[in-house]
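Q: Hi! Could you walk me through this one with me? I'd like to go through a few spots together.

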Amino acid sequence: MFIAPLTIAPGTFAYTEGGANVIDHWDLYAKPSFNWYAKVIYAVGDAQCHQLWYRSLWINGNQMPIDARMTSLYIFGIIGLLWSMMTPAAVTASEGIANAFSPRIRASARRIGDVKFASLVILLGLLPVAIDGFTQLFAAYTQYESTNLIRVITGIPGGIVTGLLLGMMIKSIKQIDVEYAEARVAAKRRPAGPTESSADRSASGSAEQ
């Protein structure tokens, strides 16, 4: 995201507007001024972002491939993933999120339940983005337009908890496989119960007759 604007001349991608979840600027990407790397990065950004110039950060006289809020979410999402990598694994994502905190907070999480605690963490992380984004969405009624600084700041907790959740989901799937494999190995090592001797079977058969 940061390199792509540096690989094209200043003003190559500037003052654009479009819609989210649709690629609006194929005509720009088809020009020789876009190298293959910039084409890929900007097209991927275009597919998920409206790329409004006044809501975007600028590098080298070009808009970044995604707007300020999404840039913040992506950057701090990576931090959330790194956080999950340093967190003890668990068989559920909610338990994994609880493991990401200090022992004292984990104890509180166990009391209220891992699912409720994880839901609260995710809610608090995404709430700033939701409030800022939806207030801006209804600007016709709220008369509110967020600034790029606020978009970046509100994206910090949202990105971190999203990255943490994604990382712990992946680790929980792996942990289930690990524990299942360990259980199979333990079952194979467990000694079999005593077998019934032929004399016992004969005696049992006689008694039944």
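Q: Which residues form a nonpolar patch on the surface?
A: L120, L123, L124, L127 and I131 form that patch, and together they have about 460 Å² of accessible area. Areas here are Shrake-Rupley values with a 1.4 Å probe, where only the protein chains shown count as cover for residues. Patch members need over 30% relative accessible area and no salt bridge, with nonpolar side chains (Val, Leu, Ile, Met, Phe, Trp, Tyr) joined within 5 Å and like charges within 9 Å. A salt bridge is a Lys or Arg side-chain nitrogen within 4 Å of an Asp or Glu carboxyl oxygen.

Q: Before we go on, what kind of model is this?
A: This is a predicted model: local features need pLDDT of at least 70 and side-chain atom pairs count only at pLDDT 80 or more, while totals for chains, interfaces and linings use all residues. Residues are numbered from 1 along each chain as its sequence is written, and side-chain values use heavy atoms, with hydrogens and water left out.

Q: Thanks! Where is L127 found?
A: L127 is in helix α6, residues 114–137. Helices are DSSP runs (H or I, at least four residues), numbered from the N terminus.

Q: And what is its relative accessible area?
A: L127 has 38%, so it is partly exposed; buried means under 20%, exposed over 50%, and partly exposed lies in between (1.4 Å probe, protein chains only).

Q: Switching to S172: buried or exposed?
A: S172 is buried, because its relative accessibility is 8%. The residue lies in helix α8, residues 148–189.

Q: What does S172 touch?
A: Leaving out residues up to four places away in sequence, S172 touches A90, V91, T92 and A93. A contact here is heavy atoms within 4.5 Å.

Q: New topic: how many residues line the largest pocket?
A: The lining has 16 residues, and H50, R55, R69, G133 and Q136 lie nearest the pocket's centre. Helix α6 gives the largest share, 6 residues.

Q: What about Q143, where does that lie?
A: Q143 is in the loop between α7 (139–142) and α8. Its phi is also positive, at about 55 degrees, although Q143 is not a glycine.

Conventions
Helix = DSSP H or I, 4+ residues; strand = E, 2+ residues; numbered from the N terminus. 1 Å grid on protein atoms, 1.4 Å probe; cavity = no way out; pocket = protein on both sides within 12 Å on 5 of 7 lines; lining within 4 Å.
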